[in-house]
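My notes follow in the order I looked things up.

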Amino acid sequence: MPYEYSAQNHDWDLTLHAAGELIKVGLAMDKRPKTGNMSMGFSFFTGGMVLSFAALESFSASVAFLMRSDIRFGGFDYQQYRQARRFWDKMQLLMSAAGIEIDKSQRIFRDIGQMQHGCCRIARSSHSAAFSTAFCLSGLVRHREVAAA
């Protein structure tokens with residue numbers, strides 16, 4: 001039987017906890033003396049946002065994987081979900097199957113949209129912004145290693 005990726009074993013609590021910790025560190029860093037007008041916590045805020053959005057994307061993949069075998073979602077097309085490239089196309093497939101209408105003016109969908117926009121801007125930004133994000137996430141890896149020990 002060929003192996004198929006599943007995000008079912010993802011530790012959502014740890015991921016979101018780590019994102020929250022990055023935000024807390026960012027708040028603490030912003031209390032330090034600044035150099036110019038730049039936020040000292042920006043890279044931590046950015047890392048927390050990226051990590052939160054990645055958790056959301058991965059969680060939606062887990063939901064899609066489980067929906068494909070549940071008779072309540074018989075109209076859900078898992079292959080179409082897997083082939084969709086854009087995040088909102090995937091969300092539309094999931095929400096439609098669950099009978100939820102996406103209204104991007106509602107708070108939850110509006111906030112997700114803002115997070116996605118921020119992540120896209122980071123992905124297209126300069127190397128220095130990408131380095132800042134990678135630096136934050138490397139701190140997360142160390143946090144995870146310590147938590148696992």
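What separates Tyr78 and Tyr81 in helix H3? I found that they are three residues apart there, so about one helical turn lies between them. I take helices (H or I, at least four residues) and strands (E, at least two) as DSSP runs, numbered from the N terminus.

**Ground rules.** I am working with a predicted model, where local features need pLDDT of at least 70 and side-chain atom pairs count only at pLDDT 80 or more, while totals for chains, interfaces and linings use all residues. I number residues from 1 along each chain as its sequence is written, and side-chain values use heavy atoms, with hydrogens and water left out.

**Overview.** I noted six helices and zero strands in the protein. Read along the sequence, the pattern is α-α-α-α-α-α. Of the 149 residues, 32% count as buried; buried is under 20% relative accessible area, exposed is over 50%, and partly exposed is in between (1.4 Å probe, protein chains only). I also looked up contacts, meaning heavy atoms within 4.5 Å. Among the contacts with a separation of 6 or more, 60% come from residues 24 or more positions apart.

**Aromatic rings.** I pair rings of Phe, Tyr and Trp (its six-membered ring) if their centres lie within 6.5 Å; planes under 30 degrees apart are stacked, over 60 edge-to-face, and the rest tilted. By this rule I get six aromatic pairs. One of them is Phe65 with Tyr78, an edge-to-face pair at 6.2 Å centre to centre and 70° between the planes. Phe65 lies in helix H2 (residues 42-67) and Tyr78 in helix H3 (residues 78-83), so this pair ties together parts that are 13 residues apart in sequence. Both Phe65 and Tyr78 are buried. Tyr78 also pairs with Tyr81, and this pair is stacked, with 6.5 Å centre to centre and 15° between the planes. For Tyr78 I read a relative accessible area of 9%, and for Tyr81 I read 5%, which is buried as well. Elsewhere I wrote down one aromatic cluster, formed by Phe53, Phe87, Trp88 and Phe109.

**Charges over rings.** I count a charge as sitting over a ring if NZ of Lys or CZ of Arg is within 6 Å of the ring centre and within 35 degrees of the ring normal. Arg68 lies over the face of Tyr78, 4.9 Å from the ring centre. Over the ring of Tyr81 I found the charged end of Lys90, 4.7 Å from the centre.

**Two packed helices.** Two packed helices are described by the angle between their axes and the distance between the axes. My axes are lines fitted to C-alpha atoms, for helices over the stretch in contact, and angles run from 0 to 180 degrees between N-to-C directions. How do H2 and helix H4 (residues 87-98) pack, and at what angle? The angle is about 45°, and the axes are 11 Å apart. H2 and H4 are therefore oblique to each other: angles under 35 degrees count as roughly parallel, over 145 as roughly antiparallel, 65 to 115 as roughly perpendicular and the rest as oblique. H2 passes H4 in a left-handed crossing, where the near helix is turned anticlockwise from the far one by less than a right angle (clockwise would be right-handed). On the H2 side I listed Phe53, Leu56, Glu57, Ser60, Val63, Ala64 and Met67, which meet Phe87, Met91, Leu94, Ala97 and Ala98 in H4.

**Single residues.** Asp30 is found in helix H1 (residues 12-30) and counts as partly exposed, at 25% relative accessibility. Asp30 and Gly41 are eleven residues apart along the chain, with 5.1 Å between their C-alpha atoms. Not counting residues up to four places away in sequence, Asp30 touches Ser39, Met40, Gly41 and Phe45.

Next I checked Thr46, in helix H2. Is Thr46 buried or exposed? Thr46 counts as buried, at 7% relative accessibility.

My last entry is Ile100, in the loop between H4 and helix H5 (107-123). Ile100 is partly exposed, with a relative accessible area of 40%. Leaving aside neighbours within four places in sequence, Ile100 is in contact with Met95 and Phe109.
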